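Trainee: I would like to learn how to read a fold from its coordinates. Can we work through one case together?

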Amino acid sequence: MEDDEGSLMYPARFDYYRPSTLNEVLELMEEGCRPMAGGQSLLPMMKLRLLTPNCLVDLGEIEELRGIAVYKDTVKIGAMVTHNEIEESQEISSSIPVLAQTAANIGDLQVRMRGTIGGSVSHADPSANYLPTLLALDAKVKLVSKSGRRSLPLQEFVRGPLLTGLKQGELVEAVEVPIYGGNGLIRKFSRRKADFAIAIVTLLYKKEERRLNDVRVAVGALRTGPRRLTKLEESLNGRMGRIDVSDILIREVKSLEPVEDLHGGVEYRRNVILTLITRMMEELWR
Ligand SMILES: Cc1cc2nc3c(=O)[nH]c(=O)nc-3n(C[C@H](O)[C@H](O)[C@H](O)COP(=O)(O)OP(=O)(O)OC[C@H]3O[C@@H](n4cnc5c(N)ncnc54)[C@H](O)[C@@H]3O)c2cc1C
């Protein structure tokens, strides 16, 4: 079809490469090619002409980006590992079950079969499921380019809606997640099950001698990127029985800046966050 600037059905023309080595990918990226994982977000954006790359480099053949490796304290997940592989991975279910639950709550099966963890964090949709969970777990994003490797904590990598710390020519190689030896809950509220979150919260906690410990509460679907509720965490750590934390919770949720769109405004979303966390606390006390 002719390149028709008026058409929103087809992307503008681009070259397409599917190399078999990481080195070739990085060389093509140096020349200005954009990486493509499952194309789940990239292709719709190209069709809407929000992105018009001249050249795409498909990461589908790159073995180094695929594996899940469990070490003593961390799990390393290759950028091209799909949500479905994370959901079904025995290693992840037994070492970091909340991460498997987070993946299982993404879109529908078709989306989970093609969408990847590397594509999700690089796209940095503020409502993406992984962001609060990876923040709560203190995950790091491993980056590679022709000039070498570096690693950024998730909160430094995600800078805002669709905004990351990726430099020109840099690729997400893997996500490294410390193993959290406690319990985890994730709760997502969306209009339909497969939709992006209107509000999303991850809660991690340990119970040691009946005391709560190392509590982490992270909220997603925010304009600022995901945020921890540190005051709430402090008030829960070391507690033995049920306590009333509603004042602290309300104050902290008020300071959050949820994304705002046709699915809900800021105040509505703050209320949903408050409800989700209140219900999660009930589960925790039980
Ligand atoms: C119908 C639908 C429903 C969805 N629902 C949800 C949901 O409920 N929750 C949720 O979290 N997500 C949801 N998603 C998003 C989806 O899960 C994908 O994670 C996301 O679209 C990224 O897709 P992808 O991995 O195919 O990356 P792509 O679309 O291929 O790439 C996305 C962006 O990242 C860049 N990129 C890709 N890989 C890398 C890399 N390794 N290094 C650097 N840059 C890279 C690309 O250049 C592009 O800019 C949904 C998507 C669809 C289409």
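Predicted model: local features only at pLDDT ≥ 70, side-chain atom pairs only at ≥ 80, totals over all residues.

Trainee: Into which domains is the protein divided?

Mentor: Domain bounds come from an automatic or database domain assignment. Here they give domain 1 (15-58), domain 2 (63-178) and domain 3 (183-285). Ten residues of domain 1 and 15 residues of domain 2 form the contact between these two, where contact means C-beta atoms, placed from the backbone, within 7 Å. On the domain 1 side, helix H1 (residues 22-30) gives the largest share, five residues. Helices (H or I, at least four residues) and strands (E, at least two) are DSSP runs, numbered from the N terminus.

Trainee: Where does the ligand lie relative to domain 1 and domain 2?

Mentor: It lies between them, because both give residues to its shell. A residue is near a molecule if its C-beta atom, placed from the backbone, lies within 6 Å of it. The shell has 30 residues, and Gly38, Ser41, Gly107, Gly115 and Gly119 come nearest. H7 supplies the largest share, five residues.

Trainee: Which residues does Val175 touch?

Mentor: Leaving out residues up to four places away in sequence, Val175 touches Ile77, Ile117, Val121, Leu134, Ala139 and Val141.

Key
Residues numbered from 1 in each chain as written.
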